[in-house]
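Subject: Structure handover

Hello,

Here is the structure to take over from me. My notes on it follow below.

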Amino acid sequence: MARAQAQRSKSSRSRARRSTSSAEDLMFFPKLRRKAKWVFLLLAIAFALGFVAFGVGTGVGGTSIGDVLREFFSSGSGSQSLDDLRSKAQDNPKNAEAQVAYANALQTAGQTTAAVAVLEKYTAANPKDVNAQRQLAALWGAVATKARNEAQAASIDAAQATVAQPAPPTDSPFLQQVEKNKISELVSTDANNRANAANLRAQNAYREAAKVYEQLTLLTPDDPTVFLQLGVASQSAVDYPSAIAAYKQFLALAPDDASAPLVKQELKILEAQQKASSSVPPSG
């Protein structure tokens with residue numbers, strides 16, 4: 001009888017453990033589902049950023065998701081110091097891999113202008129190196145983007161120049177207003193000057209990028225991506241005729257591309273601007 005009671009007790013404990021385990025399982029999956037919502041959200045954000053940054057799914061030949069992942073993981077391993085890469089580049093002036101690696105390291109270190117100089121020198125001696133030319137164009141784009149951001153920041157400073165200005169040291173309300181207006185004018189003028197200078201740097205950088213893309217169109221005349229990039233760089237450099245020609249060639253090479261509708265809209269705007277500017281009679 002004692003043995004039977006022991007067996008019943010053992011069976012009861014076993015059922016209790018199974019019941020507890022089942023309850024824990026049922027609690028686990030709702031938690032997992034709740035957490036999965038955040039995982040899916042992060043994946044969606046990552047995919048969206050990849051779509052924008054790498055041109056995934058644009059229909060134009062370029063970087064695939066696999067290429068991005070391979071580049072990411074390969075770039076994270078075997079990193080070298082800037083001094084080592086500089087020495088290797090100097091010892092191998094005709095080696096594209098050494099020059100591009102050194103330029104990338106300079107850009108990562110925040111020395112984009114120096115990186116541009118490295119690739120400018122290399123591509124001048126090796127004008128048919130497509131990969132180096134692409135990298136050089138991308139570096140000029142980075143220079144232009146930085147300058148454009150500086151211009152936008154300076155423009156915001158100019159707009160805010162009249163806000164929260166300190167009161168001038170005088171008891172006269174009239175003189176206070178005059179002095180305050182002087183201070184605001186000085187701050188606004190300085191900010192506008194910085195904005196104009198940064199905009200000029202950005203325009204010049206876009207012009208240099210357009211030169212490189214123009215060279216790339218000769219090396220890869222069947223690549224629609226290059227003509228699209230040439231159009232964007234030329235438009236940003238306020239070279240509208242070149243932008244129009246590049247956009248038209250892009251549409252001829254890739255009429256069904258996902259970017260084609262936007263390019264067609266931009267073409268209409270540019271052609272209207274060009275027509276309007278040509279119809280304005282010269283002054284004087």
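A residue is called buried under 20% relative accessible area, exposed over 50%, and partly exposed in between, with a 1.4 Å probe and protein chains only. This is a predicted model, so local features need pLDDT of at least 70 and side-chain atom pairs count only at pLDDT 80 or more, while totals for chains, interfaces and linings use all residues. Residues are numbered from 1 along each chain as its sequence is written, and side-chain values use heavy atoms, with hydrogens and water left out.

Overall

The protein chain has ten helices and zero strands; helices (H or I, at least four residues) and strands (E, at least two) are DSSP runs, numbered from the N terminus. Of its 284 residues, 28% are buried. The accessible surface comes to about 19,000 Å², with 58% belonging to carbon and sulfur atoms; areas come from the Shrake-Rupley method with a 1.4 Å probe, and for residues only the protein chains shown count as cover. Contact means heavy atoms within 4.5 Å. Among contacts between residues at least 6 apart in sequence, 50% join residues at least 24 apart.

Helix α5

The buried residues of α5 are T112, A115, V116, V118, L119, Y122 and T123. They lie on the same side of α5, because they cover an arc of only 160° around the axis, the arc being that of the directions from the helix axis to the C-beta atoms. This buried side packs against α4 and α6. On the face turned away from it are the exposed residues T113, K121, A124 and A125. The end C-alpha atoms of α5 are 20 Å apart, which agrees with the 20 Å that its 14 residues should span at 1.5 Å a residue; the expected span is 1.5 Å times one less than the number of residues.

T112 lies in α5, which covers residues 112–125. T112 counts as buried because its relative accessibility is 18%. Leaving aside neighbours within four places in sequence, T112 is in contact with L106, Q107, L139, A142 and V143.

Helix α4

α4 has 13 residues and reaches 18 Å from its first C-alpha to its last, close to the 18 Å expected. Its buried residues are A98, Q99, V100, Y102, A103, A105 and L106, and they pack against α3, α5 and α6. At the start of α4, a side-chain oxygen of N95 reaches to within 3.0 Å of the backbone nitrogen of E97. G110, which follows α4, has a positive phi near 85°.

Cores

A nonpolar core is a set of buried Ala, Val, Leu, Ile, Met, Phe, Trp, Tyr and Cys residues joined through side-chain atoms within 4.5 Å. The largest has 30 residues, and those with the most contacts inside it are Y102, L119, L136, L139, W140 and Y213. Two or more of its residues come from each of α3 (82–91), α4 (96–108), α5, α6 (130–159), α7 (173–219) and α8 (224–236). The largest share, eight residues, comes from α7. A second, separate core of twelve residues includes L228, A243, Y247 and V263.

Helix α10

Q274 lies in α10 (residues 260–279) and is partly exposed, with a relative accessible area of 32%. Not counting residues up to four places away in sequence, Q274 touches P241 and I244. Q274 and P241 are 33 residues apart in sequence and 7.8 Å apart in space, C-alpha to C-alpha.

Regards

How values were computed. Polar contact = N/O pair within 3.5 Å; in protein donor to acceptor, adjacent residues only side chain to side chain.
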